[in-house]
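Student: Can you walk me through this model? I would like to begin at the ligand and then move on to single residues.

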Amino acid sequence: MPPPPQRPNVLIVGSIALDTVETPREKRENLIGGSATYASFAAAIFSSVGIVGIVGEDFPAQGISLLQARGVDTRGLVIRPGRTFYWHGRYEENMDNRTSLRTELNVFADFDPRLPPGYITAPYVFLANIEPRLQLKVLDQVRAPSFVMADTMDLWIRTAADELDGVIQRVDLLTINESEVRLLTRETTLARAARRLLSRGLNHLLVKKGESGSLLFSRERLLFVPAFPLEEVRDPTGAGDAFAGAFIGSLAARGSRELEDLYTAALSGSSVASFAVESFGADSLAHLTKAIADSRKSQLLSMVHPSFVKQ
Ligand code: AMP
């Protein structure tokens, strides 16, 4: 295993968790999860990654070694006495709607993210789902990144609106799901919600619509990103994080912030997210190769741009 690079191309901060996941057919306890974990596995398929987060002493060493085996730089991962962030979710029959049955912040309650020296100049940054106050602390430490994207969730829209607003004003792209963007903007149509956010300084908005794909809004264009139609979904947990991780990893590998590269990165995101939901936890992501992810990306491209279409 080569030593991790001093300066990762992608910096990811977010939750590192132990998850209990229930679907209508299965239940699994204490899976290695969390927004930063899923995103890091996905981003590492394309680029070098440094993760920032906190776990308790109960976090399995195997979780950390799996990340390291994928080349993820874990200097920013701290282990503290106490219990790891814990989340318990249950999916409904449609595998899309879910209820958070329990969320325990545990060691996250007094987490103060400190970036290791090499991370500060990472050019691509993903603020995965985590309390906006912590996302802001990371933004305060990075130096002139090329591209920053952020994710959030309904809990923070309801409880930390001001801090979240501060995050939105300082990032290039916000990724958010359909119901959350309505909650955030109080607009009923996605077009108006996007216009409102883009007029407040955001450059791009990626609205996730589950198995119906996602919409990439920017000031000049609106692009549709298909989701790969799977016959069976085993565990949708982490799909959004996997999408975002693959997106930022692939964009970083291209060293770009142009819309055409953002769209290509979104197709990689969609491809990798589809692998994430085919198995429980982060298992399939931890072993996915770039060649396999790229081949599904090509299938997605042929769905939006079939070669027989003439202008
Ligand atoms: P996703 O399915 O993409 O929304 O991500 C699911 C992951 O988010 C799970 O692995 C959870 O551990 C993590 N998660 C759930 N609730 C929170 C929260 N309030 N803050 C940070 N991460 C969370």
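This is a predicted model: local features need pLDDT of at least 70, side-chain atom pairs count only at pLDDT 80 or more; totals for chains, interfaces and linings use all residues.

Student: OK, which of the 18 residues around the ligand come nearest?

Tutor: Those are S15, D19, G34, G238 and D241. A residue is near a molecule if one of its heavy atoms lies within 4 Å of it.

Student: What does a polar side-chain atom of D19 lie 2.5 Å from?

Tutor: An oxygen atom of the ligand. The backbone also takes part: a polar backbone atom of G34 is 2.7 Å from a ligand oxygen. R98 has a polar side-chain atom 2.8 Å from an oxygen atom of the ligand. A polar contact here is a pair of N or O atoms within 3.5 Å; within protein, one must be able to donate a hydrogen and the other to accept it, and residues adjacent in sequence count only if both atoms are side-chain atoms.

Student: How much of the ligand's accessible area does the protein cover?

Tutor: The protein covers 92% of the 510 Å² that the ligand has on its own. The areas come from the Shrake-Rupley method with a 1.4 Å probe; for residues, only the protein chains shown count as cover.

Student: And which elements give two or more residues to the shell?

Tutor: β2 (17–22), β6 (85–91), α4 (154–159) and α8 (239–254). Of these, α8 gives the most, with three residues. Helices (H or I, at least four residues) and strands (E, at least two) are DSSP runs, numbered from the N terminus.

Student: What is the shell like by class?

Tutor: There are eight nonpolar, seven polar and three charged residues. Ala, Val, Leu, Ile, Met, Phe, Trp, Tyr, Cys and Pro count as nonpolar, Asp, Glu, Lys and Arg as charged, and the others, Gly among them, as polar.

Student: Changing topic. Is T152 buried or exposed?

Tutor: T152 counts as buried because its relative accessibility is 3%. Buried means under 20% relative accessible area, exposed over 50%, and partly exposed in between (1.4 Å probe, protein chains only). T152 sits in the loop between β9 (147–151) and α4.

Student: What is T152 in contact with?

Tutor: Leaving aside neighbours within four places in sequence, N129, I157, L164, T175, I176 and E180. Contact means heavy atoms within 4.5 Å.

Student: Where is K208, and is K208 buried or exposed?

Tutor: K208 is in strand β11 (residues 204–208). With a relative accessible area of 16%, K208 is buried. Not counting residues up to four places away in sequence, K208 touches D151, T175, I176, N177, E178, G213, S214 and G240.

Student: Which residues of α5 are buried?

Tutor: In α5 (residues 161–168), L164, V167 and I168 are buried. They lie on the same side of α5 because they cover an arc of only 100° around the axis. That arc is taken from the directions from the helix axis to the C-beta atoms.

Student: What about α1?

Tutor: A36 and F41 are both placed in α1 (residues 35–43). A36 is buried at 0% relative accessibility, and F41 is buried at 1%. Leaving aside neighbours within four places in sequence, A36 is in contact with I12, V13, G14, S15, I16, I51 and A128. With that exclusion, F41 is in contact with L66, L67, R70, A282, L285 and A286.

Student: Last topic, the backbone. What is the phi of N30?

Tutor: N30 has a positive phi of about 50° although it is not a glycine. Most residues other than glycine have a negative phi. N30 is in strand β3 (residues 27–33) and is partly exposed, at 47% relative accessibility. N106 also has a positive phi of about 50° without being a glycine.

Student: Where is N106?

Tutor: N106 is in the loop between β7 (98–104) and β8 (124–127). At 27% relative accessibility, N106 is partly exposed.

Key. Residues are numbered from 1 along each chain as its sequence is written. Side-chain values use heavy atoms; hydrogens and water are left out.
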